[in-house]
Amino acid sequence: MTTPNEPLLSVQDLQKYFPVTKGLLKRQVGAVKAVDGISFDVFKGETLGVVGESGCGKSTMGRLVTRLLEPTGGKVLFEGQDITHMSQGRLRPLRRDMQMIFQDPFSSLNPRHTVGAIVGAPFRIQGIKTEHGTKKAVQEILELVGLNPEHYNRYPHEFSGGQRQRIGIARTLALKPKMIIADEPVSALDVSIQAQVVNLLEDLQNELDLTYVVIAHDLSVVRHISDRVAVMYLGKLVELADRKDLYESPMHPYTNALMSAVPIPDPARRNDRERIRLQGDVPSPLSPPPACRFHTRCWKAQAICKVEEPPLVELASRHQVACHFPEKVPQEAAEAVSA
Amino acid sequence: MTAPLDVPGSATEADPEAVLAGADRKAIQGRSLGQIAWMRLKRDKVALAGAGVIIFLVLVALFAPLIVKFLGHPPLEFHREKIDQSTLTPTGAFGGMSWDYLFGVEPLWGRDIFSRIVYGARISLLIAFLATLLSVVIGTVLGVVAGYFGGWVDTVISRAMDVFLAFPLLVFAIALAGVVPDQAFGMSGDTLRVSLLVFIIGFFSWPYIGRIVRGQTLSLREREFIDAARSLGARGPYIIFRELLPNLIAPILIYATLVIPTNILFEAALSFLGVGVRPPTPTWGGMLAEAARFYTVPHFAIFPGLAIFVTVLAFNLFGDGLRDALDPRGR
Ligand SMILES: Nc1ncnc2c1ncn2[C@@H]1O[C@H](COP(=O)(O)OP(=O)(O)O)[C@@H](O)[C@H]1O
Ligand code: SF4
Ligand SMILES: [Mg+2]
């Protein structure tokens, strides 16, 4: 954490609407508001966890930040540089610094390429010559992620899911990036292997001074690894706080609901917590509920929730929430809300 | 030497390939999907038989002059002495079959059927291969471009495919092959006819492979390894040639082996209708057409018919086996 005040990545009011077209003439009949105005900063050396149910726009957010998708609105700044609409040509050199780990280790590795070709691809694509040749460099990286360097000539289908994800991680490390966006890096893996991969990510962060954005669909995966956690619901950020604050005193009803889905390790404490079961499915982002998008499933919803959108405001130190009736709010902040 | 898949911290992970390859884990180490497909193909006796016949036919076509020199008579040589001048049919039993004339002789002129079948293989295979190659090249290029770039490019190419597929190919082929003069485009004789047929068959059947390749590209494009390449800064050509094409080779190969027999039948049909390669050059379809005039001499029709049948069957059996080997889950 060299300069804690300057964010490595800054996302401002980011939007992505996927047009929905109909008929031969591709007339636009609507839009999937996959990401609808989210803002956050990521600082050097930290890990931001991003959590939300499936379909709430997490992957889209990751793809916008890495510019695999073109944002509809808002801004993405990387190291202070505006990359929101930067051309792919000008992005090329910047891509070395920002890499992405993909969710599905079976689809993220080209089945026709050897491990050597996959992990060596970054060097080839970016035209980088290494001191002792690409093969040596690749083998060093394989070792770094806990793979046997002798597996250089093997094909992805010869590896298990966890090993494949390690290959995917190795590929992102090849260019020594500053930042890695990990899109549900372990959700496709066996529970028994998830911890190994999460630990690997953590070790690599310490060793290589990496900054992470780790996406997950439940709170348990990112609990261990995150410094701060952002909770997304239907394309919006609903809560963003330091890890400890978020897990110990979640303020947004949605976060509370997610929290009650997280298993409590200590059986004695299990009864302390009232279980909140989320009702129904996530509404379609094609026509999200107006105002507070969570009001269709929220047990605290009042009339105002359906007409006025709650802004994302800092209700405690470094703790932002978007709700008209947040929980466990410190006294002075509660007064500010009701005022 | 460590155990094959012994990676720190991953000993407990299941290895799905081990199941696929049977008990012997070691046997598949370092094998590409192509090598695995080859292993599967080697176990498929029917497909291997098909491949054997295909290789045999290709050798026959390649060494036709040599074969005919030792086992027959020049394909254009008349043998009037073998013809009964009152009925114009071959003398002797079974259409004049003998050690000298393995498949007998044609009615009327007494040409050696064996030699004509052997030489006919040249035309059949040449046209079928070249036409397939042409349609595969056009179809692959346009299919990948349509699938990868999408948008209006895809719309234009897809509409073009629809138009080509709606084309009454046989009628068009008959008309075109009928009106082209004996000399055109700086070519003449058999060269012109072969080029013409290759063009007609290949140029009008590319949309079939084009559609397959486009569909495959559309689904491959959604795979995350394409995103991974893009997030590394890869450009269009890199993605098309390095990431997409290696994954398209299997469907293209499968399609090609299954379309070759269709093209053989198409060429035979055109020759049968008299718009293929012109007589006296021997073609299987042309021989069938002549045989139709001499229905009293069935052996004349049997040999070209059998040649077409065996060739088409061999390609189909091999193609099916290849598909099973390359894509064991089927589609
Ligand atoms: N390329 C796309 N075109 C149209 N809609 C999309 C596209 N990608 C994602 N979406 C939609 O955007 C929403 C958010 O998707 P996604 O970001 O993948 O969610 P998550 O990763 O949180 O599960 C979903 O409703 C999804 O259907
Ligand atoms: S604003 Fe209202 S509906 Fe939305 S989360 Fe808060 S209480 Fe629930
Ligand atoms: Mg996702």
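Helices (H or I, at least four residues) and strands (E, at least two) are DSSP runs, numbered from the N terminus. By this assignment, chain A comprises 10 helices and 12 strands. The model is predicted: local features need pLDDT of at least 70, side-chain atom pairs count only at pLDDT 80 or more, and totals for chains, interfaces and linings use all residues. Residues are numbered from 1 along each chain as its sequence is written, chains are lettered from A and ligands numbered from 1 in the order in which they are written, and side-chain values use heavy atoms, with hydrogens and water left out.

The C-alpha atoms of chain A occupy a box of roughly 65 × 60 × 40 Å along the principal axes. Of the 339 residues of chain A, 55% are buried (under 20% relative accessible area; exposed is over 50%, partly exposed in between; 1.4 Å probe, protein chains only).

In chain B, helix H6 spans residues 151-166. Its 16 residues reach 23 Å from first C-alpha to last, close to the expected 22 Å (1.5 Å times one less than the number of residues). Val153(B), Asp154(B), Ile157(B), Ser158(B), Met161(B) and Phe164(B) are buried in H6(B). Down the axis of H6(B), these buried residues fall within an arc of 120° (directions from the helix axis to the C-beta atoms), so they line one face of the helix. Their cover includes helices H5 (113-149) and H8 (189-221) of chain B. The face of H6(B) turned away from the buried side carries exposed Trp152(B), Val163(B) and Ala166(B).

Key:
Contact = heavy atoms within 4.5 Å.
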